[in-house]
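Subject: Handing over a structure

Hello,

Here is the structure I promised to pass on to you. Please have a look at it first, and then read my notes below.

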Amino acid sequence: HDESALLWRLKKTLQDAGFHIKDAGEITMFRIRQKDNPQLSIRVLDRLSPHLQAKGINMVNNEDFVSFQPANGGKGNGVKYICQKEGISLSETIGIGDDENDLHMLEHVGYPMAIRTVQQIKQERNRAVRSCVSARGGYVSPYVLSQGTHDLLTKVMDII
(Lines give C-alpha, C1' and ligand atoms only; values in the text may rest on other atoms or scores of the structure.)
Protein backbone atom coordinates (compact mmCIF):
# COMPACT_ATOMS: atom_id res chain seq x y z
CA HIS A 1 0.00 0.00 0.00
CA ASP A 2 1.13 3.58 -0.54
CA GLU A 3 1.88 5.15 2.86
CA SER A 4 2.14 8.68 1.52
CA ALA A 5 -1.31 8.45 -0.11
CA LEU A 6 -2.74 7.30 3.21
CA LEU A 7 -0.98 10.19 4.97
CA TRP A 8 -2.54 12.78 2.64
CA ARG A 9 -5.98 11.16 2.93
CA LEU A 10 -5.62 11.50 6.71
CA LYS A 11 -4.69 15.17 6.28
CA LYS A 12 -7.79 15.79 4.14
CA THR A 13 -9.99 13.96 6.65
CA LEU A 14 -8.64 16.07 9.53
CA GLN A 15 -9.08 19.27 7.52
CA ASP A 16 -12.64 18.29 6.65
CA ALA A 17 -13.24 17.73 10.38
CA GLY A 18 -12.20 21.35 11.05
CA PHE A 19 -8.57 20.98 12.06
CA HIS A 20 -6.16 23.73 11.01
CA ILE A 21 -3.20 22.02 9.35
CA LYS A 22 0.31 23.46 9.03
CA ASP A 23 1.96 22.09 5.92
CA ALA A 24 3.49 25.07 4.13
CA GLY A 25 6.60 23.78 2.40
CA GLU A 26 6.22 20.28 3.84
CA ILE A 27 6.37 17.40 1.40
CA THR A 28 6.67 14.36 3.65
CA MET A 29 4.60 15.23 6.69
CA PHE A 30 2.03 17.60 8.12
CA ARG A 31 1.45 19.09 11.55
CA ILE A 32 -1.43 20.24 13.66
CA ARG A 33 -0.54 23.12 15.95
CA GLN A 34 -2.31 22.42 19.21
CA LYS A 35 -3.02 26.04 20.13
CA ASP A 36 -4.72 26.60 16.74
CA ASN A 37 -6.99 23.61 17.33
CA PRO A 38 -8.85 23.92 20.63
CA GLN A 39 -10.93 20.86 19.71
CA LEU A 40 -7.75 18.75 19.63
CA SER A 41 -7.89 16.13 22.34
CA ILE A 42 -4.57 14.53 23.15
CA ARG A 43 -6.41 11.55 24.64
CA VAL A 44 -8.19 10.94 21.34
CA LEU A 45 -4.91 11.22 19.44
CA ASP A 46 -3.16 8.88 21.88
CA ARG A 47 -5.89 6.29 21.25
CA LEU A 48 -5.61 6.88 17.49
CA SER A 49 -1.81 6.47 17.40
CA PRO A 50 -1.63 2.62 17.46
CA HIS A 51 -4.21 2.43 14.64
CA LEU A 52 -2.18 4.89 12.55
CA GLN A 53 1.05 3.00 13.25
CA ALA A 54 -0.59 -0.22 12.09
CA LYS A 55 -1.32 1.54 8.80
CA GLY A 56 2.23 2.92 8.47
CA ILE A 57 1.81 6.43 9.87
CA ASN A 58 3.74 7.73 12.87
CA MET A 59 2.20 10.41 15.06
CA VAL A 60 4.55 12.48 17.23
CA ASN A 61 3.13 14.74 19.92
CA ASN A 62 5.60 17.35 21.16
CA GLU A 63 3.31 19.74 23.06
CA ASP A 64 3.45 22.49 20.39
CA PHE A 65 2.47 20.30 17.44
CA VAL A 66 1.20 16.88 16.60
CA SER A 67 3.14 15.70 13.55
CA PHE A 68 2.09 12.96 11.13
CA GLN A 69 4.54 11.23 8.80
CA PRO A 70 5.00 7.87 7.11
CA ALA A 71 6.56 5.27 9.40
CA ASN A 72 9.51 5.05 7.03
CA GLY A 73 9.85 8.86 7.04
CA GLY A 74 11.56 11.23 9.41
CA LYS A 75 14.90 12.99 9.41
CA GLY A 76 16.93 9.91 10.29
CA ASN A 77 15.51 7.88 7.42
CA GLY A 78 15.75 10.91 5.14
CA VAL A 79 19.49 11.28 5.78
CA LYS A 80 20.02 7.55 5.22
CA TYR A 81 18.06 7.70 1.96
CA ILE A 82 19.98 10.71 0.61
CA CYS A 83 23.32 9.13 1.54
CA GLN A 84 22.36 5.89 -0.18
CA LYS A 85 21.11 7.70 -3.28
CA GLU A 86 24.22 9.89 -3.51
CA GLY A 87 26.72 7.18 -2.54
CA ILE A 88 27.82 9.02 0.60
CA SER A 89 28.72 7.35 3.87
CA LEU A 90 26.67 8.39 6.91
CA SER A 91 30.00 8.95 8.67
CA GLU A 92 30.59 11.86 6.26
CA THR A 93 27.43 13.72 7.29
CA ILE A 94 26.70 16.50 9.75
CA GLY A 95 23.32 16.79 11.45
CA ILE A 96 21.95 19.73 13.42
CA GLY A 97 19.03 19.43 15.84
CA ASP A 98 17.27 21.03 18.77
CA ASP A 99 14.29 18.79 19.61
CA GLU A 100 13.47 15.12 20.20
CA ASN A 101 12.22 14.73 16.63
CA ASP A 102 15.89 15.17 15.60
CA LEU A 103 17.23 12.34 17.80
CA HIS A 104 16.95 9.53 15.24
CA MET A 105 18.87 11.62 12.72
CA LEU A 106 21.50 12.72 15.28
CA GLU A 107 22.09 9.08 16.29
CA HIS A 108 23.07 8.18 12.72
CA VAL A 109 24.99 11.11 11.23
CA GLY A 110 28.78 11.18 11.34
CA TYR A 111 28.98 14.41 13.31
CA PRO A 112 25.93 15.52 15.33
CA MET A 113 25.47 19.12 16.43
CA ALA A 114 22.90 20.78 18.67
CA ILE A 115 21.72 24.27 19.35
CA ARG A 116 20.27 25.30 22.70
CA THR A 117 16.69 26.51 22.91
CA VAL A 118 15.21 29.28 25.03
CA GLN A 119 11.63 28.05 24.68
CA GLN A 120 10.55 26.86 28.11
CA ILE A 121 8.30 24.17 26.69
CA LYS A 122 11.16 22.62 24.68
CA GLN A 123 13.97 22.78 27.24
CA GLU A 124 13.61 19.21 28.55
CA ARG A 125 13.49 17.78 25.04
CA ASN A 126 16.45 19.96 24.09
CA ARG A 127 18.42 18.50 27.02
CA ALA A 128 17.88 15.03 25.57
CA VAL A 129 19.24 16.21 22.22
CA ARG A 130 22.28 17.87 23.77
CA SER A 131 22.96 14.72 25.79
CA CYS A 132 22.80 12.54 22.65
CA VAL A 133 25.12 14.87 20.76
CA SER A 134 27.62 15.03 23.63
CA ALA A 135 27.58 11.25 24.07
CA ARG A 136 28.45 10.83 20.38
CA GLY A 137 31.33 13.34 20.54
CA GLY A 138 29.46 16.01 18.62
CA TYR A 139 29.29 19.74 19.21
CA VAL A 140 26.73 21.53 21.37
CA SER A 141 26.59 25.28 20.90
CA PRO A 142 26.58 27.18 24.18
CA TYR A 143 24.50 29.89 22.48
CA VAL A 144 20.82 30.28 21.53
CA LEU A 145 18.81 31.74 18.67
CA SER A 146 20.75 33.55 15.91
CA GLN A 147 24.00 33.52 17.89
CA GLY A 148 23.69 29.74 18.26
CA THR A 149 22.95 29.34 14.55
CA HIS A 150 25.97 31.50 13.70
CA ASP A 151 28.12 29.44 16.06
CA LEU A 152 27.02 26.14 14.46
CA LEU A 153 27.50 27.41 10.92
CA THR A 154 30.98 28.67 11.81
CA LYS A 155 31.78 25.24 13.25
CA VAL A 156 30.45 23.53 10.11
CA MET A 157 32.62 25.75 7.91
CA ASP A 158 35.65 24.85 10.05
CA ILE A 159 34.87 21.14 9.56
CA ILE A 160 34.47 21.29 5.81
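Let me start with a definition: rings of Phe, Tyr and Trp (for Trp, its six-membered ring) count as a pair if their centres lie within 6.5 Å, and the pair is called stacked with planes under 30 degrees apart, edge-to-face over 60 and tilted for the rest. By this rule there are two aromatic pairs.

Before the details, a word on the source: this is a predicted model, in which local features need pLDDT of at least 70 and side-chain atom pairs count only at pLDDT 80 or more, while totals for chains, interfaces and linings use all residues. Residues are numbered from 1 along each chain as its sequence is written, and side-chain values use heavy atoms, with hydrogens and water left out.

Back to the aromatic pairs. Trp8 and Phe30 make a tilted one, with 6.1 Å from centre to centre and 40 degrees between the planes. Trp8 belongs to helix 1 (residues 3-16) and Phe30 to strand 2 (residues 30-33), 22 residues apart; helices (H or I, at least four residues) and strands (E, at least two) are DSSP runs, numbered from the N terminus. Phe30 has a relative accessible area of 0% and is buried, whereas Trp8, at 29%, is partly exposed. Here buried means under 20% relative accessible area, exposed over 50% and partly exposed in between, with a 1.4 Å probe and protein chains only.

Phe30 also pairs with Phe68, this time stacked, at 4.9 Å centre to centre and 15 degrees between the planes. Phe68 lies in strand 4 (residues 65-70) and Phe30 in strand 2, so this pair ties together parts 38 residues apart in sequence. Trp8, Phe30 and Phe68 form one aromatic cluster.

Now to the charges. A salt bridge needs a side-chain nitrogen of Lys or Arg within 4 Å of a carboxyl oxygen of Asp or Glu, and the count comes to six. Among them is Lys122 with Asp98, whose closest N and O atoms are 3.2 Å apart. Lys122 is in the loop between strand 6 (111-116) and helix 5 (123-135), and Asp98 in the loop between strand 5 (94-97) and helix 4 (103-106). Lys122 is buried at 10% relative accessibility, while Asp98 is partly exposed at 24%.

Another salt bridge joins Glu124 and Arg127 (2.4 Å, N to O). Both residues lie in helix 5, about one turn apart.

Best wishes
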